[in-house]
Amino acid sequence: RCKNLSVSFWNSYWMLPSDVCGMNCFWEAAFRYDYMKTHPSEKMHLAVVACGERLEETVTMLRSAIIFSIKPLHFHIFAEDQLHESFKDILDEFPYEGRVNYTLYPITFPSESAAEWKKLFKPCASQRLFLPLILKNVDSLLYVDTDILFLRPVDDIWSFLEKFNSTQIAAMAPEHEEPRIGWYNRFARHPYYGVTGINSGVMLMNMTRIRRKYFKNDMTPVRLQWGEILMPLLKKYKLNITWGDQDLLNIMFFHNPESLYVFPCQWNYRPDHCIYGSNCKAAEEEGIFILHGNRGVYHDDKQPTFRAVYEAIKNYSFGDDLVHSLLQPLEQELQKTMHTYCGRVYKMFIKQLTKSIRDLYARRSKG
């Protein structure tokens, strides 16, 4: 793999022959592009749930998904009714007709328990639990929170579906890499997956397998299907859970650990990975692949490194030169954040982004 991307990039991002690493990256990207052309597949399906003041954040996430992805995308957007018209007005202006489609859905819960699900953790957050039951014709799905930013093609995380073994139905990243600052292993009053629990902000699902599976549980010796287990879990643990639907997923995969594929931390990189010092070794080596700005860090001054990436992608105009309109201005802003722990490792925030831009230009020149 080509990891050293520093060779005279700014003046030769078209990968001149003198840039050996650049040529290696060029041929690697060209090979992947040819493979995609000769091995067509169905669209990648991405779902998000947006409520309240999350319109801008959601649109920025969708923009990041579009910039680098290779295969066509279909967005499944679950949003409050008053947001639908705004989403439609914005998305219809995106200049990628044919490659990007979307469907808008209302927020819906089972009628007999809708009130309980709506007030769990945050408004609408538990909607993600019902996606396998609502999107019955979708085989596989990538669910992400609104505060996600893709720094490499969605295709790359989508390809993890092919790595699932016969028992795995979903993939998520650990909640923490460092147990000393872990929340679940220190405070949880319910079962949780692994050593530090899992984070559901980025969740890849084989929904056909989810719908077919019968889950082990601690409520009955009889295994239950997805639609049967959710409400009993909520009733049993609702006084003990803090993070709502994420806690329920942790309980579920605690009892069914063979069903989960675990992502490395750079696929769901959060402030906890750097605010107390860097603790995601994979990101240190390869860069951040997916940035997760939880705790509202895109919109305050507590973590300016995260906010700088968000603002750069939000303000980027489709079709502009990615180096001069996105990458260079972003690096200048990141250099201003070195007074923070996350800012001290700011190069992790642009390492993969740099490679994604180089790969994109390689594909364009090939095409």
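**Reading the disulfides**

Author: Cys-51 and Cys-124 form a disulfide in this predicted model, with their sulfur atoms 1.9 Å apart.

Reader: What is a disulfide, in general terms?

Author: It's a covalent bond between the sulfur atoms of two cysteines.

Reader: Is the link of Cys-51 and Cys-124 left-handed or right-handed?

Author: Look at the angle about the S-S bond: here it's -95 degrees, and the link is left-handed.

Reader: Are Cys-51 and Cys-124 buried or exposed?

Author: The cut-off for buried is under 20% relative accessible area. Cys-51 comes in at 11%, so it's buried, and Cys-124 is buried too, at 8%.

Reader: How many disulfides are there by this rule?

Author: Three. Cys-265 and Cys-280 form one of them, sulfur atoms 2.0 Å apart. Both cysteines lie in the loop between β8 (260-262) and α11 (281-286), so this pair ties together parts 15 residues apart in sequence. With 95 degrees about the S-S bond, the link is right-handed.

Reader: And which residue does a disulfide join to Cys-274?

Author: Cys-342, with S to S at 1.9 Å. Cys-274 lies in the loop between β8 and α11 and Cys-342 in helix α14 (residues 341-344), so parts 68 residues apart in sequence get tied together. The torsion about that S-S bond is about 90 degrees, so this disulfide is right-handed. Cys-274 is buried at 0% relative accessibility, and Cys-342 is also buried at 0%.

Methods
Residues numbered from 1 in each chain as written. Predicted model: local features only at pLDDT ≥ 70, side-chain atom pairs only at ≥ 80, totals over all residues. Heavy atoms only, no water. Disulfide = S-S within 2.5 Å. Buried < 20%, exposed > 50% of the residue type's maximum accessible area, 1.4 Å probe, protein only. Helix = DSSP H or I, 4+ residues; strand = E, 2+ residues; numbered from the N terminus.
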